[in-house]
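Subject: Structure handover

Hello,

Here is the structure I said I would pass on. My notes on the helix packing, the cores and the aromatic pairs follow below it.

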Amino acid sequence: MTAKKATSIGLIAIVLWSAIVGLIRSVSEGLGAIGGAAMIYSLASLVLLLTLGFPKVKTFPRAYLITGSLLFVCYELCLSLSLGFASTGTQAIEVGMVNYLWPGMTILLSVIVTRQRCSLLIIPGMLVSIAGICLVLAGDRAFSFSEIAASVASNPLSYGLAFSGAAIWAIYCVVTKKIANGSNGITLFFILTALTLWVKFLAAPQPEMVFTLRVGVNLLLGAMAMGFGYAAWNIGILHGHVTLLATASYFIPVISAMLAAVVLNASLSVSFWQGAAMVSLGSLLCWWSTRQR
């Protein structure tokens, strides 16, 4: 495995992850928010079992096994259900954008918790990301805090889950790096996520699952995007150019919005694209602040 090939595989992972928002939302429209997510994570778990295999759980540090699995499952539930419970495809894309606050949050938390060195550039980076989210939430209406509040109030569950997911994933990234000791429990965590979703699905009445060709195709694509995405990223990080991959990953919000707009046939305003670009730019500035010496 050459570094160039591994980097290319890692870049493929970024494209695959970028497609997840639109695919999850599309599947949930036919199978329901909980049922659709349960199906996607079940198939993604199968993909990971075939590509990465089942991890040797006995070798995992106990703290990583418990804390890592809990944080991962909570994040994936927040992500998938925030998209599934969105009122429209356009709102699902907005909700997905809120979730992409996690890169900046991760860096900020790393600075606070692990005392990672950074420059003052992290402050404008976070402000630009937050301003980008505000611009996304304002939509094609005049930019005002009342309009932003109205957008959030229209579906507080979805927006709340997305923001909570961003915070949880930031904690996961910082905490597991310290306690994992080189372990990779992604396959186990996906299986636990799928099981949790099925328990929730069976615990209460759910809307009827309506399988169509479009839903079936997007279900398979969503599962492969998740499963192969994690597998490809693992290869890229282990054998590729990590700096290039890290830089490219901060453009996921823009790529994700583009792919989701195609999958969901959604029309997005100019201000949305400006906001998405600001989210990516803000995250990139936060990352760059840690590169300064």
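At what angle do the axes of helix α3 and helix α10 cross, and within what distance do they come? Please keep in mind that this is a predicted model. The axes of α3 (residues 33-51) and α10 (residues 186-203) cross at roughly 155° and come within 8 Å. Angles over 145 degrees count as roughly antiparallel, so α3 is roughly antiparallel to α10. The crossing of these two helices is left-handed.

The contact between the two helices involves I34, G35, A37, A38, M39, Y41, S42, A44, S45, L48 and L49 on the α3 side. On the α10 side, the residues that meet them are I186, T187, F190, I191, T193, A194, L197, W198, K200 and F201.

F190 also turns up in the nonpolar core. The largest such core has 81 residues, and M97 and F190 touch the most other members. Helix α4 (residues 62-84) gives the most to this core, namely 10 residues. Leaving aside residues up to four places away in sequence, F190 touches Y41, A44, S45, L48, F72, M226 and Y230. Another core, of 7 residues, lies apart from the largest one; I122, A246, Y250 and W287 are among its members.

On to the aromatic rings. The count of aromatic pairs comes to 18. One of them is formed by W169 and Y172, with ring centres 4.6 Å apart and planes at 15°. Planes under 30 degrees apart count as stacked, so this pair is stacked. Both residues lie in helix α9 (residues 156-179), where they are 3 residues apart, about one turn of the helix. Are W169 and Y172 buried or exposed? Buried means under 20% relative accessible area; W169 is at 10% and therefore counts as buried, and Y172, at 7%, counts as buried too.

A further pair is F272 with W273, whose ring centres are 5.5 Å apart. Their planes stand at 90°, and over 60 degrees counts as edge-to-face, so F272 and W273 are an edge-to-face pair. F272 is buried, with a relative accessible area of 2%, whereas W273, at 30%, counts as partly exposed.

Regards

Conventions
Residues are numbered from 1 along each chain as its sequence is written. This is a predicted model: local features need pLDDT of at least 70, side-chain atom pairs count only at pLDDT 80 or more; totals for chains, interfaces and linings use all residues. Side-chain values use heavy atoms; hydrogens and water are left out. A nonpolar core is a set of buried Ala, Val, Leu, Ile, Met, Phe, Trp, Tyr and Cys residues joined through side-chain atoms within 4.5 Å. Buried means under 20% relative accessible area, exposed over 50%, partly exposed in between (1.4 Å probe, protein chains only). Helices (H or I, at least four residues) and strands (E, at least two) are DSSP runs, numbered from the N terminus. Contact means heavy atoms within 4.5 Å. Rings of Phe, Tyr and Trp (its six-membered ring) pair if their centres lie within 6.5 Å; planes under 30 degrees apart count as stacked, over 60 as edge-to-face and the rest as tilted. Axes are lines fitted to C-alpha atoms, for helices over the stretch in contact, and angles run from 0 to 180 degrees between N-to-C directions. Angles under 35 degrees count as roughly parallel, over 145 as roughly antiparallel, 65 to 115 as roughly perpendicular and the rest as oblique. A crossing is left-handed if the near helix is turned anticlockwise from the far one by less than a right angle, and right-handed if clockwise.
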